[in-house]
Amino acid sequence: MFTDKLRSKIDEILDEYTEINAKLKEESRNVEHLFDKKEWVETIPLTVKNIDENTQKVKIEFDILEHFRWNLSDEDFHAKWEAIGYPHKIEQLIVETEERFIAEQDKFLKNQLQDEIMLQEKIDMLVGNVANIALQTNINMVHEIAIDIRRIWKMMKECQETGIMLNERQKLLGLPVVPFESLTKLMKDFEPYQTLWITASDWLKWHEIWMENPLITIDGSNIDNYVNEMYKAMSRSIKIFKEFPKVAAVAEYIRDQIEGFKPYVGMIEALRNPGMKPRHFDELSIVTGIQMALTPTLTFKELILLGIMQYEETVMTVADEAEKEYSIEGILDKMISAWDTITMDVIPYKNTGTYIMKIADETLMLLDDHILNAQQISFSPFKAVFEDRFEEWDQKLKLSQEVILLWIEVQKHWMYLEPIFSSEDISRQLPVETRKFNTMDRTWRRIMKTAHECPYIMKICPDKTLLESLKECISLLEVVQKGLADYLETKRMVFPRFFFLSDDELLEIVAQTKNVQAVQPHLKKCFENMRELRFEEDLAITRMYSAEYEEVVLRPPIYPEGNVENWLGLVEEAMRNTLREIIGEALQIVEETSRKEWVYMWPGQVVLCGGQTYWTAHVEDAIKRNVLRTFYGVMLSQLDDLRELIRSPHTEIQRLMLEAVIIIEVHARDVLYKLIQENVTNVNDFEWISQLRYYWVDSELKVRAVNAEFSYGYEYLGNNGRLVITPLTDRCYLTLTGALHLKFGGAPAGPAGTGKTETTKDLAKAFAIQCVVFNCSDQLDFLSMGKFFKGLASAGAWACFDEFNRIDIEVLSVIAQQIMTIQKAQQIRAEVFTFEGVEITLKPSCAIFITMNPGYAGRTELPDNLKALFRPVAMMVPNYALIAEISLFSYGFSDAKTLAGKITTTFKLSSEQLSTQDHYDFGMRAVKTVIAVAGNLKRELKDVEEQQICLRALRDVNVPKFLSDDLKLFNGIVSDLFPQLTELPVDYGILEAEIRKTILEKGLESVDEFVKKIIQLYETTLVRHGLMLVGPTGSGKTKGNLKQFRAGRWCRSNNDCIRK
C-alpha cells in the first residue's frame, strides 16, 4: 500500500537521524578520536539539510493523503512529526556535544603532559642500560648479552613509537612540538653494540648447526649469504670500536672464526646441492675412499676429520654435474606434469549423434614449445642418466603432434562431407562414395566416442593405432572428395552456368533434387538478372522475375522433371525463346502504336532493343531517302513524350525502364544529329556503320558494328539501367566489337573511375549476354581460373576480370595458354574442343575481357603471349558534365544541362580548393551519387524547383564527409554556383525524435551536433552500399552508428515517415 511505502521512507530517515544522534552522544576515546569527531560535527548541518529535503518530499505525499482525508495510524503520525522535528533536536544536541568536547580536550591535555613525563623517565632508564652494555667485553657471555640487547632494542622501538604519537597529539592540541632527540641519539649510539653482539651470537649458533648437526638436515642454499653478511658486520664493528680495544677484540675474534670457516662454505653447498642423489654420494665414496652416504648421524665435522677437504675439486665436479642433471630432470618433470590436466574439448556436433574436438591454440603452442625443449635436451651430455625416460617422452610428444594435426584435418573434411552424404539424394546418386564415407564415418564415431570418454591429450593422442586409423580415414575421404568433385563436374558439363557457383552452392541444390525451389537463391548467379521463378501448384514454371520484380511470362511453361541441370537448361531455352517471341511481337506493332503506349506494353529489355531496332531501320531509311532532318524532328518529339511520361505517375519498374530508354534515346538523338552535321548520304558511311545497329532478320535479332555481326543473346536483363553513352564509350565499343569479331579479348586500361568495368558490362547488356565480373587477386591459381574458363566457353557468357594484372606472373603465363586454347577453338568455329584434357562444348558468343589499373602498387606487367590475345583500350576520365546532363534528363529534369554544369563545377572547385584527405572523393562515383540523390528527391519533392533539389543533393552527399574548415570553403563554392538560393530546411520528424529518445535511453547527452551527424549517417546509407566512419577517438563513431541503426529500425517497424 501507499502508506506502507511512505512509512518505510520515514523509517529510513529516522534511522539516519538516530545514527547521527548516537554518534553525537558517544564519548571520545582519545585525542585523535576527539578531533575526528570535531571534523565530523562540522559536516552534520549539510547532512541534516539533505535528509530534511527528503523529509519534505515525503511530507508532501502525506499531505496528499490528508487532502483525501485518509486516517493515518498513530504510529505513522508520530513517526512523521518526529522526522519533521528531528533537525531542531540535532541542533540542540550539537551545542551540548561541543560543550562536552571542551571538557574532554582539557582532560586529554592533562593526560598528554603525564605521558610525556613517563616517556622521559623510560628514556633515562634506557640510558643506564646502554651504558651497562657498553662495558660488556666477555665473549663467553655472548648469548646472554644478545638477549639483553634484544630486550633493550624492543623497549627503544616502543618508546620511539610512543614519542611519534605524542608529537602528533602535540600538533592536535596546539602545543609546541618537542621531538625526543635524546632517544634518537641513544638508538644511534646503541646500534653498533646491537650489531656486534647479535651477529656474534648468531654466528656461534649457526657455526654449531653447520658443524655439529647431521648434514642431511642442513639447507646449503643460503650459507654463503649468511657468512658474507656476518663477515661484513664484524668488519664494520672492528672499525667502529677501534677506540675500544676490548670490544674490538670480540669483533676480531668472531671475524677470524668466520674467515676460518669460509673454505668450508663451498663444500657444504656442494654436498647439499638438491641435485645430489645417492648415486653421486656412492661415486664420491668410491673416488675418495670416505664413506659419504648421508646417514642421519653423519656431520660435516666428521667429514673434515676424515679428510674430505683434500677432495674438494672432485666433490665440486660431481656436484656441478648433479646440478645440471637435476635441472634437466626438473624440465622433464615439469613438462610431464603440465600435460596431466590438459584436455581437448569434445562437444556434441549438431544432430549427428557424435562429437567434434577442439584444441586451444595455446595448447598447440605449448606442444610445439615442449617438442623444441626436448630437442634441445637431446643435445645435452647430462641426459644419459634418464635417457630411456626422456626418449619415451620425446616420442610421445612427436606422436601426439602428428596425431593432432591429422585429426584436425580429418575432422575438417568430415564436417564438410557429413551433411552432404546425409542427403538421400546424394546417397542415391553416389552409392560407391557413400559406402566409403560410411566406412570412414564408423571409424570416426568410434574415435570420437573414445575421446569423449577420455579427453586427456597425453592419454589418447600418443597412440600408433589411432594414427593408423586417422591415416585410413584421410585416404578414404580423399577418394570420396575426388568422386564428389567428378560428380559435380558432370552436373556442370550438362548445365555450364553451374561453373559460376561454388561447390557448396551447387551441393545445396543437388542435395535437394526433390525440392525444386532450392534453386531460387542461386538463380542470380546463374543468370544475368533472374531473381526467381514462379512455380505453380503443379510445379510448372510459368514466370520469371528480375531483381526489380519485373514479371515475364515464359513461353512455353517448363515442368521441372528429371535432374536439376536438365530442367534448368530448359529454363534457359525458354528464357531465350520468350524474349525472341516478345521482341518479334513488339516490332510488329511498333509502327502503328504511339510511343507513349508502346513503351508500357513490353518488358524493359524488349523496349530498349525494340526501340533501337526501330531507330536503326528508320535512320537507314532516312539516309536512303535523304530525310534525316525530318526523322530528327520525330525523335525530338518522341523524347519529349518520354520526358512527359517520366514526370507523370508510374510504377517503380516503369520508372527504371523509362530512365534507361531515355538514356539510349538521347544517345540515338546525338548520333542522328552528328549524321546530319556530317551530311551522311550512304548507309555504308563510316559515321553510321561505326554505331551499334540492331536488325530483325529472319525472326532473329542481329547486332552490327562496322563489318561485324553478332547474334543477340536473349539473356534476360530485367530493368537494371543502362550506362550513359559518351564519345569515349563509343570508341571503346568500337574497339571491343572489332576484337570480338576477330575472336580476341578486350583489355580496357586506365585509372580508377574511368568506366572500364561498367563499359564492358553495358556492352554485354547491349548484346543481351551474361557478363560475370570477377575481382582478381594474387591468391588466384590456374586451377580455379581453368574451372571458370570452362564455364564461360560452355555457357557462351562473357567474363570481365577486374584488375587482372594483380595476378602473379607465374599464374598469368598458364592463363595465357588457357585463353589461347579457347580463342583458337573460336577461330576455327569448333563446336567441341579439348580444354585441359576434357572435351567441352563451345558457344561462339563467349568472350574474355580484362581491366587494368596501370602503375599501381602490386600490379604485374602482362607477359607478351598474354598481351597478344587482347585488344587494348585506353580509358580516360569521362565527360562528367555530359553524363550528369543525360542522367538528370532521364530523371525528368528540364534544365539538365545547366544543373549538370553546376554539379560538375562544384566537384572540380572542391578538388582544387579543399584540403587533401584520404576519404575525400570528387570523381565519377561521387558525381553519380549526387545525381542518384537528385533523382530520388525529384520523385519525392515534385513541387520544389530543380535548383533547390540539386543544392540539397550536393549538400546531403558531401557535407557529412567534410572537415569543419573545408565545410566553410564548400559552402562558399555552393553559394557562388547557386546565388540567392536559400536551402529549404528538412523536417526529419519521427526519425529525429526517436534518435534523441534512443540517445537518452543509453545515458548519453542529446547534443544537437551529435544528432545532426547521426541523421547525416542515415542519409548516406540511403545512397551508399558501404561506408566508413572517420574521426578521432571518442568522437562518437560507434555510438552514432548504433543509434542510427536502432532509431531507423524502430521507425521502419512502425511504418512511420522518416523524412518529410
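These notebook entries record what I looked up in a predicted model of one protein.

**Ground rules.** I number residues from 1 along each chain as its sequence is written, and my side-chain values use heavy atoms, with hydrogens and water left out. Because the model is predicted, local features need pLDDT of at least 70 and side-chain atom pairs count only at pLDDT 80 or more, while totals for chains, interfaces and linings use all residues.

**Confidence.** I first looked up pLDDT, the predictor's confidence in each residue, from 0 to 100. The protein averages 86, and 97% of the residues score at least 70. Over residues 1052-1060 I found that pLDDT stays under 50. For that stretch the model has 20 contacts beyond four places in sequence, a contact being heavy atoms within 4.5 Å.

**Domains.** The domain assignment, which is automatic or taken from a database, gives six entries, including domain 2 (345-492) and domain 3 (549-722). I noted that the centres of domain 2 and domain 3, taken over C-alpha atoms, are 61 Å apart.

Helices (H or I, at least four residues) and strands (E, at least two) are DSSP runs, numbered from the N terminus.

**Ser400.** I located Ser400 in helix α12 (residues 387-421). Ser400 counts as buried because its relative accessibility is 0%; buried means under 20% relative accessible area, exposed over 50%, and partly exposed in between (1.4 Å probe, protein chains only). Leaving out residues up to four places away in sequence, Ser400 touches Leu367, Met458, Cys461 and Pro462.

**Cysteines.** I searched the whole structure for disulfides, that is, pairs of cysteine sulfur atoms within 2.5 Å, and the search finds 0. Cys454 is in no disulfide, and the nearest cysteine sulfur, that of Cys461, is 9.6 Å away. Cys454 is partly exposed, with a relative accessible area of 26%. Cys732 is likewise in no disulfide, the nearest cysteine sulfur being that of Cys800, 10 Å away. At 1% relative accessibility, Cys732 counts as buried.

**Helix α32.** I checked the span of helix α32 (residues 924-940). The expected span is 1.5 Å times one less than the number of residues, so the 17 residues of α32 should span 24 Å, and the end C-alpha atoms are 24 Å apart, which agrees. Among the buried residues of α32 I noted Met924, Val927, Ile931, Ala934 and Lys938.
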